[in-house]
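Hi,

Here is the structure I promised to pass on. Have a look at it first, and my notes on what turned up follow below.

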Amino acid sequence: MAELKLRNVCKIYPNGALAVDNFNMDIADKEFIVFVGPSGCGKSTTLRMIAGLEEISSGECYIGTRLVNDLEPKERDIAMVFQNYALYPHMTVFKNMAFGLKIGKTKKEKRDENGEIVKDENGEIVYEVVTDRKGNPKFDKFGKPVYKMRKYTKQEIHDKVYEAAEILGITEFLDRKPKAMSGGQRQRVAIGRAIVRKPKVFLMDEPLSNLDAKLRNSMRSEILLLRKRINTTFIYVTHDQTEAMTLGDRIVIMRNGVIQQIGTPKQVFDDPANLFVAGFIGSPQMNFLPGTIAEENGTYVVSTYGSVTKLSASYAELLKNNAVSDGEIVVGVRPEHFSLTCKKSENSIPARVSVYEMMGSEYYVHCILEDDREVIVRTQVHGMDEKLQKAIEESGEVHLSFVESVMHLFNKESEESLSYQKPAPIKEEAPAVKAEPKE
Ligand SMILES: Nc1ncnc2c1ncn2[C@@H]1O[C@H](COP(=O)(O)OP(=O)(O)OP(=O)(O)O)[C@@H](O)[C@H]1O
Ligand SMILES: [Mg+2]
């Protein structure tokens, strides 16, 4: 278990591509963090820099209190599950899971007179140092203490593998070879191989992306259960916003190597920092309408397609904090936040239905506005007015309206939200201890 700190982390690939630009974040111990964003936005690169599989071009990465920039992956106490996990086909599930334990040696812990493991002030395990016959510590040619190394015993490996298999529900497959298992079961073996090592930080790069939709849904809930059981720090990469919303304590939304917003699923859904986040989170995506904003005596009025909304005092307060002035804006309304009627009302926007998608309990109604812009409206089928149902099914005239509280307003040029209150920059503490790489 460990906390992580990333400070101004950048990655420039040898070909000059800036893949990650000034990544700053504090991750708490046992937090489940999801990196999400479109293909090529730098999610895997960031994860691989944390894992030590990719060099950090500039900036610092701390795991616990240790600066790990120069540490080898195996010295970082992390485990990673990749999208294209490779199981050894000639080995049984048991051997696949035990593999990492067999080749990886572990240091012998120092124990006190009661047999308890000795830890230092940072909670790190203190390892026993090799001594000569007189009890003096031995040093290597670089003047570093020589640690005792020990492999796990057969019994320890057995116990660890069975414990992990139990957690993942694959105990009955331990004697099977991977080819005799389904995709989801193999995926669990790949995860099991990482769990047996009891890492401080668990990194997963799109671990479910090569499963079919149904299996992905069930594995998603298994990951939630797994997280409860092994209770360690997780960083999970996906480009699927549903996966991000359902799994993450906090989500990091990235675009072109730059963090767009960090927040809980509710925060990023309710209060997206900019147009990109607003469009990325939520399905179907938020509708964007051209509009204007005008301020008079501290009161803001928003207009779009003839619909005029006076903002509440609390909404106006947020806008004042951001020094919003009159001008053209983008008004965002989520599909589920429009109400659809056949009757025109004072503030409604006229539209014509083009097509509709029957989703079971809901319709996704595609509506065309006066300037041919399309908006999507989600509406419940149950209890729907007959006239409205007819209008939807027969491409009739409808009227859209929305209330002030569901409106998202964005600056047309900068694309930033007019009401978003930027979080304070991460404050710096005393420098952490630099971990020396082992020779
Ligand atoms: N080894 C490399 N050399 C040069 N450029 C690279 C290398 N690996 C990745 N890139 C570039 O860095 C950027 C970020 O790539 P990265 O793999 O981190 O994206 P990603 O967010 O994980 O995308 P995906 O969802 O497709 O996996 C991309 O523009 C990519 O082309
Ligand atoms: Mg990737």
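The angles run from 0 to 180 degrees between N-to-C directions, and the axes are lines fitted to C-alpha atoms, for helices over the stretch in contact. Helices (H or I, at least four residues) and strands (E, at least two) are DSSP runs, numbered from the N terminus.

Keep in mind that this is a predicted model, where local features need pLDDT of at least 70 and side-chain atom pairs count only at pLDDT 80 or more, while totals for chains, interfaces and linings use all residues. Residues are numbered from 1 along each chain as its sequence is written, and chains are lettered from A and ligands numbered from 1 in the order in which they are written.

Now the helices. H3 (residues 154-168) packs against H4 (residues 183-195) at about 135 degrees, and their axes are 9 Å apart. The two are therefore oblique to each other. On the H3 side the contact uses Ala-164, Ala-165, Ile-167 and Leu-168, which meet Arg-188, Ile-191, Gly-192 and Ile-195 of H4 (contact means C-beta atoms, placed from the backbone, within 7 Å). Of the residues in this contact, six are nonpolar, one is polar and one is charged (Ala, Val, Leu, Ile, Met, Phe, Trp, Tyr, Cys and Pro count as nonpolar, Asp, Glu, Lys and Arg as charged, and the others, Gly among them, as polar).

Next, strand S10 (residues 233-238). Six of its six residues are buried, that is, 20 or more other C-beta atoms lie within 10 Å of their own, again placed from the backbone. One face has Thr-233, Ile-235 and Val-237, the other Phe-234, Tyr-236 and Thr-238. S10 pairs in the parallel sense with S3 (residues 32-36) over five bridges; pairing takes at least two DSSP bridges. Ile-33 sits opposite Ile-235 there. S9 (residues 201-205) also pairs with S10 in the parallel sense, over five bridges, with Phe-202 partnered by Phe-234.

Last, there is an open, antiparallel sheet of five strands, ordered S15-S14-S13-S16-S22. S15 (307-310) and S22 (408-411) are at the edges with a single partner strand each, so one side of each has no neighbour in the sheet. S16 (residues 327-333) is joined to S22 by four bridges, and Val-331 stands opposite Leu-409.

Cheers

Definitions and conventions
Parallel < 35°, antiparallel > 145°, perpendicular 65-115°, else oblique. Contact = placed C-beta atoms within 7 Å. Buried ≥ 20, exposed ≤ 12 C-beta atoms within 10 Å, placed from the backbone.
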